[in-house]
Amino acid sequence: MALSAFDLYSIGIGPSSSHTVGPMRAARMFASGLPLPRVSRISAQLFGSLGATGHGHGSDKAVVLGLEGSAPETVDTATTDSRYAEVRRSGKLTVMGDHPISFDPDTDLVLHRRKTLPTHPNGMLFEAFDAAGELVDSHVYYSVGGGFVVDETASGADRVVEDDTAVPLPFNTGAELLAICERENCSISEVMLRNEQAWRSEQEVHDGLLHLWSVMRECVTNGFNASGVLPGGLKVPRRAPALFDELMQAGARDPLHVMDWVNLYALSVNEENAAGGRIVTAPTNGAAGVIPAVLHYYARFVDGADEDGIVRFLLTAAAIGILFKQNASISGAEVGCQGEVGSACAMAAGALCEVTGGTPTQVENAAEIGIEHNLGLTCDPVGGLVQIPCIERNAIASVKAINASRLSLSGTGVHAVSLDKAIKTMRDTGRDMSVKYKETARGGLAVNVIEC
């Protein structure tokens, strides 16, 4: 089993990688394998966290669009709402854009608030029937965080993405990664680059990562230029446009203006995510603002920043993300927000450390600091929406990642708690965490804040 940087980073839509991107992919996978001439009806059932907060995360809309053949990477974000509204109005759905059937989202798409499937909290059951009501096909999928989708045959479905590609420098733990760096006398980004070439050429890796960076930049710009309130009923106002105008006028008089810019970058991304805009999953949608914010900080405020540094940043962050994906989880429904924002904070901290001169041991230390101080972070979205506390949480984690990098750079890299131990602690903490704090909107802020 191998993971690429391009598995962790994918272009999709908001507001949630596990609740929007994953269900859309799963629905499309199911529909694409159907013998369409035999299909007269399709039903979909969402369980666990998907059922509990699916309406607020747009899971119902994502399933419908996926059944019609849309993919998160290419779906027109400007028409998703109108397309879903038309299905509800007409009672008709065109499977894979070619096969019309009757479909009533109120009866054919069921969100179970209290039922779960085995293996993972984000379970989905799709069934197709013929005109006589006989079952044509059925399939269970799990959306396991970051847009990853596995089926019921996957072993340890919370972590495994089936890919048996042999990479030249395989690693499963932080200790193994550091040992490779020492043996090969290379950086963490160089390890990742050599492994990436098992799938694509060095130029393709370089171009692909810079394309992801361009999408991140576009997302930030879109956040600057938007206005109004975010959808969903909480009436959360977009703050990024006003903050952008304020910073453009204020200049650099405030000694902490750099922090304000970092906050702005994160707010812009996560407001776009909450509005269902185009973003880069990094490693999830709910935590998608951290890496772009810290990468913008590097590109704008670090002397000597260049495209090579941006590529190395994203490669290093991916190596750290792989450790979380393989040894714990990046799913808020499984381990709480420590698995999303916490993982993203660690990824950004380690990546910034490398591109600002850190050694592999300092990079590992920065990543450990980033996750250690997010341990126990719950996922308790108010109203089931990826808005409160998610948007501000990304801004706080972005600043925390920069601080973690600076703390590590001031040291030797020798520290008491290894990244591997911190990741194991995150996994154990997530296992002990009550389900009401795992993206179900049944605990924490979700029940203590009155919805507006």
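Mentor: Contact means that heavy atoms lie within 4.5 Å. The model under discussion is predicted.

Trainee: With which residues is Glu196 in contact, leaving aside its neighbours within four places in sequence?

Mentor: Glu196 belongs to helix H8, which covers residues 188–196. Its relative accessibility is 0%; because buried means under 20%, Glu196 counts as buried. A polar atom of its side chain lies 2.6 Å from the backbone nitrogen of Ala5. Leaving aside neighbours within four places in sequence, the residues in contact with Glu196 are Ser4, Ala5, Phe6, Val205 and Leu315.

Trainee: How far apart in space are Leu209 and Val311, C-alpha to C-alpha?

Mentor: Leu209 is found in helix H9, residues 202–225, and at 0% relative accessibility it counts as buried. Not counting residues up to four places away in sequence, Leu209 touches Phe6, Tyr9, Val311, Leu314 and Leu315. Although 102 residues separate Leu209 and Val311 in sequence, the distance between their C-alpha atoms is 6.1 Å.

Trainee: Is helix H2 largely enclosed by the rest of the structure or largely open, and how many of its 16 residues are buried?

Mentor: At the start of H2, a side-chain oxygen of Ser16 comes to within 3.4 Å of the backbone nitrogen of Ser18. The helix spans residues 17–32 and is largely enclosed by the rest of the structure, because its count of buried residues is 13 of the 16.

Trainee: Which domains does the domain assignment of the protein give?

Mentor: The UniProt record, an unreviewed entry, places the feature "domain: Serine dehydratase beta chain" at residues 4–153. That span is 36% helix and 27% strand, and its end C-alpha atoms lie 22 Å apart. The domain assignment gives domain 1 (10–151) and domain 2 (174–437).

Trainee: What area do domain 1 and domain 2 bury between them?

Mentor: The centres of the two domains, taken over C-alpha atoms, are separated by 29 Å. Across the boundary, 25 residues of domain 1 are in contact with 25 residues of domain 2. Of the area buried between domain 1 and domain 2, 53% is on carbon and sulfur atoms, and the total is about 1700 Å².

Trainee: Which residues of domain 1 lose the most area to domain 2?

Mentor: Three residues together account for 28% of what the side of domain 1 buries. The residues that lose the most area to domain 2 are Ser10, Ile11 and Pro15.

Trainee: How many residue pairs are in polar contact between domain 1 and domain 2?

Mentor: The search for salt bridges across this interface finds 0. The elements that give two or more residues to the side of domain 1 touching domain 2 are strand S1 (10–13), H2 and helix H3 (48–57). Counting pairs with both residues at pLDDT 80 or more, the number in polar contact is 9.

Trainee: In the salt bridge of Arg88 and Asp106, what is the distance from N to O?

Mentor: Side chains of opposite charge can pair when their charged atoms come close. Arg88 counts as partly exposed at 38% relative accessibility, and Asp106 counts as exposed at 56%. In the salt bridge of Arg88 and Asp106, the N to O distance is 2.6 Å.

Trainee: Which helices does the salt bridge of Arg194 and Glu184 link?

Mentor: The closest N and O atoms of Arg194 and Glu184 are 3.4 Å apart. Glu184 also forms a salt bridge with Arg183, with a closest N to O separation of 3.1 Å. Arg194 is partly exposed at 36%, as is Glu184 at 29%. Arg194 and Glu184 are 10 residues apart and link helix H8 with helix H7.

Trainee: What is the omega of the peptide bond that joins Ala282 and Pro283?

Mentor: Most residues other than glycine have a negative phi, and most peptide bonds are trans. Pro283 is found in the loop between strand S9 (278–281) and helix H12 (290–301). The bond from Ala282 to Pro283 is cis, with an omega of about -5°.

Trainee: What is the phi of Glu439?

Mentor: Glu439 lies in the loop between helix H18 (419–432) and helix H19 (445–448). At 3% relative accessibility, Glu439 counts as buried. Although Glu439 is not a glycine, its phi is positive, at about 60°.

Conventions. Residues numbered from 1 in each chain as written. Predicted model: local features only at pLDDT ≥ 70, side-chain atom pairs only at ≥ 80, totals over all residues. Heavy atoms only, no water. Buried < 20%, exposed > 50% of the residue type's maximum accessible area, 1.4 Å probe, protein only. Helix = DSSP H or I, 4+ residues; strand = E, 2+ residues; numbered from the N terminus. Polar contact = N/O pair within 3.5 Å; in protein donor to acceptor, adjacent residues only side chain to side chain. UniProt positions renumbered as here; feature names shortened; annotations may be inferred. Domains from an automatic or database assignment. Buried area = accessible area lost by both parts, 1.4 Å probe. Salt bridge = Lys/Arg side-chain N within 4 Å of Asp/Glu carboxyl O.
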